[in-house]
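I opened a model today and kept notes on what I looked up. The entries are in the order I made them.

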Amino acid sequence: MIHLRRATAGLMMRGTDETSGSLFSYVDLEARIPARHPLRKIRQVVNEALASLDADFEVLYTDFGRPSIAPERLIRASLIQILFSVRSERQLMEQMQYNL
């Protein structure tokens with residue numbers, strides 16, 4: 001059994017769940033999605049659920065190794081994949097590039 005240690009210096013290998021809406025574009029991603037789009041409500045519900053799981057995610061990560069992708073991001077990506085019936089992660093990345 002693997003025992004996970006808490007970080008002593010505050011550095012965990014769990015990736016951050018920060019958003020950077022204008023990282024790859026001159027227009028903020030929030031401005032591209034209509035205010036009344038159904039995904040906005042879904043996102044709100046999902047963010048609340050993921051916030052309640054923050055402590056559970058935190059204990060799963062150790063203080064050594066390579067930083068991961070935040071589990072919240074992976075869950076959101078999986079939900080988008082399911083909601084839009086995208087068959088694979090590769091197609092999801094292609095669709096995101098194409099549809100933005």
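**Entry 1: the whole chain.** I noted before anything else that this is a predicted model. I looked up the secondary structure and found 5 helices and 0 strands. Read from the N terminus, the order is α-α-α-α-α. I then asked what share of the 100 residues in the protein chain is buried. The share of buried residues is 14%. For the accessible surface I wrote down about 8400 Å², with 60% of it belonging to carbon and sulfur atoms. I also looked at contacts with a separation of 6 or more, and 68% of these are between residues 24 or more positions apart.

**Entry 2: confidence.** I looked up the pLDDT, which has a mean of 80 for the protein chain. Of the residues, 75% reach 70 or more. Which element has the lowest mean pLDDT, and which the highest? Helix 1, residues 29-32, has the lowest at 78, and helix 2 has the highest at 94. Over residues 1-10 the pLDDT stays under 50. For that stretch the model has 15 contacts beyond four places in sequence.

**Entry 3: helix 4.** I picked helix 4, which covers residues 71-83. Helix 4 has 13 residues and spans 18 Å from its first C-alpha to its last. That is close to the 18 Å expected at 1.5 Å a residue. Its buried residues are Pro 71, Glu 72 and Gln 81. I asked what the buried residues of helix 4 pack against. They pack against helix 2 (38-52), helix 3 (54-58) and helix 5.

**Entry 4: Glu 72.** Glu 72 lies in helix 4, and I wanted to know why it counts as buried. Its relative accessibility is 5%, and the cut-off for buried is under 20%, so Glu 72 falls on the buried side. I listed what Glu 72 touches, leaving out residues up to four places away in sequence: Arg 14, Asp 17, Leu 50, Asp 54 and Phe 57.

**Entry 5: a nonpolar patch.** On the surface I found a nonpolar patch formed by Ile 42, Ile 75, Leu 79, Ile 82, Leu 83 and Phe 84. Together these residues have about 530 Å² of accessible area. Which element gives the largest share of the patch? Helix 4 does, with 4 residues.

**Entry 6: Ser 85.** Just after helix 4 comes Ser 85, with a positive phi of about 50°. I made a note of this because most residues other than glycine have a negative phi. Ser 85 is in the loop between helix 4 and helix 5. Is Ser 85 buried or exposed? Ser 85 is exposed, with a relative accessible area of 63%.

**Entry 7: Gly 65.** My last stop was Gly 65, in the loop between helix 3 and helix 4. Its relative accessible area is 51%, so Gly 65 counts as exposed; the cut-off is over 50%. I then looked up the separation of the C-alpha atoms of Gly 65 and Met 13, which is 6.5 Å. Along the chain, Gly 65 and Met 13 are 52 residues apart.

Key: Residues are numbered from 1 along each chain as its sequence is written. This is a predicted model: local features need pLDDT of at least 70, side-chain atom pairs count only at pLDDT 80 or more; totals for chains, interfaces and linings use all residues. Side-chain values use heavy atoms; hydrogens and water are left out. Patches are made of residues with over 30% relative accessible area and no salt bridge: like charges are joined within 9 Å, nonpolar side chains (Val, Leu, Ile, Met, Phe, Trp, Tyr) within 5 Å. Accessible areas come from the Shrake-Rupley method with a 1.4 Å probe; for residues, only the protein chains shown count as cover. A salt bridge is a side-chain nitrogen of Lys or Arg within 4 Å of a carboxyl oxygen of Asp or Glu. Helices (H or I, at least four residues) and strands (E, at least two) are DSSP runs, numbered from the N terminus. The expected span of a helix is 1.5 Å times one less than its number of residues. Buried means under 20% relative accessible area, exposed over 50%, partly exposed in between (1.4 Å probe, protein chains only). Contact means heavy atoms within 4.5 Å. pLDDT is the predictor's confidence in each residue, from 0 to 100.
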